[in-house]
Amino acid sequence: MPISEDVVVIGGGLSGGVAALVAARTGASVRLISHKESTLRHASGLIDVLGYLPDGTGPIVNPFDALDELPNEHPYSVVGETAVREGLTIFDEIVGEMYAGGHTDTNALVPTQGGTVKPTARYPQSVAAGLASDERDMLLVGFEALSDFDAPLAAEHLAAAGVPFETQGVTVQFPEDLRDDARITRFATALERDSNTRALADAVESHLDGAERVGFPALLSKDTVRSELGTRLGKPVFEIPGGPPSLLGLELAERLFETLDEAGVHISSGVPVVGHETDGNDERVTAVLVDRNGQTHPYHAEQFVLATGGLVGKGIDTDRDGVTEPIFDCYIPHSEDRYDWFSNEAFGDHSFARFGIVPSEGLQPTDANGEIKFENVRAAGSVVGGADIASEKSGSGVSLATGLIAGRNAGEAI
Amino acid sequence: MSDTEDTHEHEYEHEFDQSDSSPTGPTPVESAEAFDGLNADLRPGADNCYKCTSCDTSCPVAEVDDEFPGPKFQGPEQWRLKRKEDTDIDESIMSCSNCMRCDDACPSSVPLSQMHNTARGEYVEGMDKFSREYIRNRILANYGTLARIGSRVPRLTNAIMGNRVTKWFNERLLGITSEREFPEFAHQTFRKWWNDRGGSQVTSEQKRIAYFHGDYSNFNTPEVAKALVRVFESFGYEIAVPEQRCSGTPMFANGMLADARRAAKFNVETLSALVEDGYDIICSCTSCSMALRQEYPELFDFEGTGEVAAHTYEAVEYLRLHEDLEGELHDSDSEIDHPALAYHAPCHARNQGLHRQALELFRTLDGVDIEDVGDSCSGISGTYGWKSEKYDYSMEIGEEMFEEMKDAEGTTGMTECPTCAMQMEHGTGYEINHPLEVIEAALT
């Protein structure tokens, strides 16, 4: 008797997680299969919806006002504004008090460790006191031993970006003598010791110089550390999100998976899905194949959601011959000439950034003729093409909206 | 296939002898060959690393031990350094506990644990063979050899190993922590029990499994092994209990690749013959199944290694794939009233996609109340937590799990890994069960 469920979701990121949760809420039995630990652990923890239009216009004040300007093939255009809003509602339910930003449609501007300002729809509470729309002067604090974050440089970048407040950056010695290339988990653990929190506040105090809020790299994983620092400094303290690995992303991943667990979703991680089986007519998928050291095992279901990510997430594969989707062999439109896939400028308009499945209205993958390939497969997240999520700053919103629709359609088809 | 008395015991007793010239001993030629893993082309793995340091964030040792540079350094960075000039392997490789969490964390499929195993093997090759650390590690890595001798007189061995003088001696002379209680040897080994009952009670042409019990369930927890036998027999499986040696897990973790190679060679020869006869290989310990499935093919290339890997399963995984285990549990007439369970998923279960199966299976079962105690590493990682200089780190890593266990409803623990079980018991005083024991109670 093989493993069997109503719905199998492939992919453990935001879109897969939301799809699994929504499908489970329809009453379906659901299994989520994730090859590795959730990719959310590499994410900044910020939830963006739309920061820039495809032509670069922005930052956008209100993403919902800009949705009409997106091209027809954009995932938002396929699922519609209601899905984007409902996706955010689901997210708000998942994170509860952990996150802020739900009080308004307007984008918040969150300073990052690179000194840029990211337009984002939802952000962790620990980030809230750092918003760039707030006019209070800001001190950024970095550590000598932590080379990823250069506080004076980030402060200069923010000033150059035209933020409406004074910025300063200071590099202080970390209160505990850590090795030169210490892991961020090590910093976070060390800061949980009261003596270190006290020493850090003492080291920062003399640099305040009129600053009304103080930002630290996102290592204050316990709220008590942040509030203790704030109390000692007499100023609000906030975290500055950074690149991977990210403790904010890790906390979000943990919350999402706790929610999935509570909703009764079965989770298999650590194993890759490598292929599929179909019925006799090749119209319906009957199982996906999970690789176990060279043997494959079928995981059966009635409905499937493909949420394996885009080029970076390995949901889409390229080689010299073309662009493919490795699990269901879905059609991915691309030029025959691979030199057309990219632009010569690093931040130019690359067509590879929009590579992905062409979805039907119900998010089923379509073939080169626009026909639905498998009626019981739906795609969600960045495996869906049509959006350059990195330059638009729309990755999380696309994942939430398409995850919601794919998961709901899959669950309701049972 | 029925089993006969151990005929290979004499070989085990030679395993510590450096000048061993028996066919399975470490002759100079063989010890050079033992590092065939080092010749594996690890370049694509190293090139795939884009330094995101997700592996470092998931490393339980790097979180508590500031001297440990983390898996990224131990794997791709050290490999690149060595390619450029003939640098020695950094001694910090010996602080890696081989929990293999980095493998699961890497978004780029860099074979981190394979790189660590090969680097550790190379480092140990250059170690002073008379140093306290080497001798201690070799003893820990070859637990099965000691167990084989000690279990002949289990009561005496238990008394000696529990003795304060023995512990003092271990701590001072060998660097084995005196904080832990040595696991007691069972008065009858599983293999003795198996032979006494006359081997398999079921014959079947179609449903055949070969049980790789490993040393621990043979010498220390035969009740787990017996549970496996009874459960599989209840599903109509013919069981073979082949001659076997340690899976190699503690040897990999201590860089004793020559020992691991000998053990693996023996196991692959025996098990691949059974695979050819239609047997699948079943483990009750997730580290054993990990070794056969992943580490053997990564480090060795004996004939049949790939076949053994492809046919190896963890026990509950196998039943869920091939039988309606969940249905049988629900339909069973046996009344279960099991104490509430605090379940810990071993790190090695994670990389096999198995860390949720006990929860999935028992959560919906009447009479069983199971609670997950979080995803932290237990901290013992086989032999790591037995080393005096690592004991405190081991307990610091385990702290989160201990706290979750104490917060859980019951005072009984559950895990698939024998050393995680030791740590769980050590940190909480709880009795620890294996999922197979609960399945046995429910089905038979």
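**Domain organisation and the interface of chains A and B**

In the predicted model, chain B is assigned domain 1 (36-125), domain 2 (152-183), domain 3 (190-322) and domain 4 (332-443), the bounds coming from an automatic or database domain assignment. Between domain 1 of chain B and domain 2 of chain B, the C-alpha centres are 33 Å apart. Residues are numbered from 1 along each chain as its sequence is written, while chains are lettered from A and ligands numbered from 1 in the order in which they are written. As this is a predicted model, local features need pLDDT of at least 70, side-chain atom pairs count only at pLDDT 80 or more, and totals for chains, interfaces and linings use all residues; side-chain values use heavy atoms, with hydrogens and water left out.

Chain A is divided into domain 1 (3-99 + 249-412) and domain 2 (113-240). The C-alpha centres of these two domains of chain A are separated by 34 Å. For residues 6-398 of chain A, an unreviewed UniProt entry lists "domain: FAD-dependent oxidoreductase 2 FAD-binding"; UniProt positions are given in the numbering used here, feature names are shortened, and annotations may be inferred rather than shown by experiment. Over residues 6-398, chain A is 26% helix and 21% strand, and the end C-alpha atoms lie 25 Å apart. Helices (H or I, at least four residues) and strands (E, at least two) are DSSP runs, numbered from the N terminus.

Within chain A, 16 residues of domain 1 are in contact with 10 residues of domain 2, contact meaning heavy atoms within 4.5 Å. The two domains of chain A bury about 1100 Å² between them, 59% of it on carbon and sulfur atoms. Buried area is the accessible area (1.4 Å probe) that two parts lose on being put together, summed over both. A:Leu46, A:Ile47 and A:Tyr99 supply 39% of the area that domain 1 of chain A buries against domain 2 of chain A, more than any other three residues.

Two salt bridges are found across this domain interface of chain A, a salt bridge being a side-chain nitrogen of Lys or Arg within 4 Å of a carboxyl oxygen of Asp or Glu. The side chains of A:Arg122 and A:Asp92 form a salt bridge with an N to O distance of 2.8 Å. Seven residue pairs, both at pLDDT 80 or more, are in polar contact across the interface of domain 1 and domain 2 of chain A. A polar contact is a pair of N or O atoms within 3.5 Å; within protein, one must be able to donate a hydrogen and the other to accept it, and residues adjacent in sequence count only if both atoms are side-chain atoms. Helix α4 (residues 81-95) of chain A gives three residues, the largest share of the side of domain 1 that touches domain 2.

Between the chains, 42 residues of chain B are in contact with 35 residues of chain A. Chain B and chain A together bury about 3400 Å², of which 42% is on carbon and sulfur atoms. B:Thr57, B:Asp66 and B:Leu321 supply 19% of the area that chain B buries against chain A, more than any other three residues.

The rule finds six salt bridges across the interface of chain B and chain A, and the count over all chains is 38. B:Glu360 and A:Arg31 meet in a salt bridge (2.9 Å, N to O). This pair runs from helix α23 of chain B to strand β2 (residues 30-34) of chain A. In the salt bridge of B:Arg356 with A:Asp261, the closest N and O atoms are 2.5 Å apart. Also across the interface of chain B and chain A, 20 residue pairs (both at pLDDT 80 or more) are in polar contact.

Two backbone features were also found. The peptide bond from A:Gly58 to A:Pro59 is cis, with omega near 5°, and A:Pro59 is placed in the loop between β2 and α2 (63-66) of chain A. B:Lys51, although not a glycine, has a positive phi of about 60°; B:Lys51 is in the loop between α3 (43-48) and α4 of chain B. Most residues other than glycine have a negative phi, and most peptide bonds are trans.
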